[in-house]
Protein chains: 2
Amino acid sequence: MSLSTVSRVLTGRTPVSEGLRARVEAAVAELGYRPNAAAQTLVSGRRSTVAVLARNTVRYGYAATLQGIEEAARASGFVVTIGVIESEEPDAMKGAVDLVLSQPLAGAIVVEFDALGVATLDALPESLPVVAAAGARRKVGSRPHAFLDDEAGGREATEYLLGLGHRTVHHVAIPATRARSGRSWGWRAAMKAAGVEPPKVIQASYDPDSGYDAGQRLARDPSVTAVLCGNDELAIGVMRALAEAGRRVPDDISVVGFDDQPFARMWTPPLTTVSQDFVGLGRRTFQLLAEWTATGRKPRSTSASPRLVVRSSTAAPPA
Amino acid sequence: MSLSTVSRVLTGRTPVSEGLRARVEAAVAELGYRPNAAAQTLVSGRRSTVAVLARNTVRYGYAATLQGIEEAARASGFVVTIGVIESEEPDAMKGAVDLVLSQPLAGAIVVEFDALGVATLDALPESLPVVAAAGARRKVGSRPHAFLDDEAGGREATEYLLGLGHRTVHHVAIPATRARSGRSWGWRAAMKAAGVEPPKVIQASYDPDSGYDAGQRLARDPSVTAVLCGNDELAIGVMRALAEAGRRVPDDISVVGFDDQPFARMWTPPLTTVSQDFVGLGRRTFQLLAEWTATGRKPRSTSASPRLVVRSSTAAPPA
DNA sequence: TTGTAGGCGTTATCAC
DNA sequence: GTGATAACGCCTACAA
């Protein structure tokens, strides 16, 4: 039989007689034949791989977002390639971007949790459908975004602490996406709204060690009774430093984390934190891209709402 | 000029006159031209993407291994695609495998930390270069492996506890790769070598909650003075249950974790655990594949050694 | 040093 | 319903 007959039974769109179809299927099974997606793409123009560009793939939020993207992509028959962007230095960035863009792509997804994500977005050509997964809900250029709205989370956590009777809430921040991360904006907004002048932000990294350093500074200041941390890892570092300095949580100082990592509820004391659905964020981000490639029109950004989970690391301030 | 001249300056292998080369480069820069890797692969047969197949991409060990693979791959000019294998159910497994194998691949890497990894290895065609990243050092068929040798880690941790004076060491296990995970084998081997009959293993999952359940059972047994956990998350769940039951760590019971996740040293008390270089494992695994594709010969498996990190969750048993 | 021609694996467009 | 054939974007002999 002819080559095109085989192609027809494989693609399934055109009717083929029962006998030929059966023979083709038998041969396919016997030979373990797999169509070559690259060749299909070449001729049909249909692209079935999406690239995920991210600063990091290990930290909880990043990894969980990637999981959501991969799940959704696989369900839709898309393959996911990952490209870690390690540096803003033009050559390194260009190299990493060029590497993933060298394949024919249906589109790209940028995990925009940090400043590097913003820069990555700028380095991508306008010709490619690009969407982003981000924290804070903001106006961010022309690329469709799926947001977590961690600004609302930061606000809620701060209001909760203030409502407990704390006169002020200190803040240990993760590195910011833009001027501030969304959660930092939320903290600040809630403070202003309550008529409290926000104390100086303690700028930290993402890891427990940098939280530990921040905790040591906080422990020296007797006016500190409540601390909002930019993530859970920071929070546990802060708590350890506090404990070593003889300050009790939550009796002397309340601590709130962010993200609700699996270990948070096992901590001593169980950590009050802001829960965010990263896996859902990943799925929603992929949906944005899927919609774009299907309809040809840029989709509208979407947003979700984090949720404050109150556990035992927070209480009213000491009398 | 002709099409092939352009191709020549792009590939760089054949000499081209200075003038033409400059004009081509100018045009490339102006148009933002990127060669289509799929088309290159089609004609040259050179493959530049590797697939990573894994049960999970979020948990620490998996995520860190993936990071190592990606770093090494990017440095060598390879693109990484990920395929999460969620189920051993033939159709689901075949679907996921077919999806990633539909692209032209230089090879595949299987993260063989669990039984699903073993099954995935079996589902991959012999024709494709396939290597695996694994925990226990064992004889495992014909596919080259990079090992972590967590069996040695389990042995060392158990010997350490026994050396502290504990009469027995209980074990809370993560799901096994084969009959037992390497760390469980190591525990068992050390117990036998010391002439101690290993108590019944408490089988758990990976997460703190399942460690918590195990901890509740352990707390009821007064003969328990030392516990080796299959990972750090399990360990913190165990410790929380122990604390709630009024058992002190390490005074009443010593607890050892596995993996040395970033939070381990911030725990109260700081967790004694077995540190493993997952990122290095990922790099080594990729090197195996790179060597294979470069030389055409199957490389030999490699192994590393984990390291016991003694902190404050372990002590001599109560008098 | 440069141009021409053939082919990689697949689909789409024609005739038949 | 089936079979030729062109074309996708690129590389590589080979000829000039």
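I began with the surface near DNA strand D, which by class has 10 nonpolar, nine polar and four charged residues (Ala, Val, Leu, Ile, Met, Phe, Trp, Tyr, Cys and Pro count as nonpolar, Asp, Glu, Lys and Arg as charged, and the others, Gly among them, as polar). I note that this is a predicted model, in which local features need pLDDT of at least 70 and side-chain atom pairs pLDDT 80 or more, while totals for chains, interfaces and linings use all residues. Residues are numbered from 1 along each chain as its sequence is written, chains are lettered from A in the order in which they are written, and side-chain values use heavy atoms, with hydrogens and water left out.

I then listed polar contacts (pairs of N or O atoms within 3.5 Å): the side chain of Ser17(A) has an N or O atom 2.6 Å from a phosphate oxygen of DNA strand D, and for the side chain of Arg46(B) the distance to a phosphate oxygen is 3.4 Å.

Of the atoms of DNA strand C within 4 Å of the protein, 64% belong to sugar and phosphate. A polar backbone atom of Asn36(A) lies 2.7 Å from a phosphate oxygen of DNA strand C, whereas a polar side-chain atom of Ser4(B) lies 3.1 Å from a base oxygen.

Notes:
Polar contact = N/O pair within 3.5 Å; in protein donor to acceptor, adjacent residues only side chain to side chain. Near = heavy atom within 4 Å.
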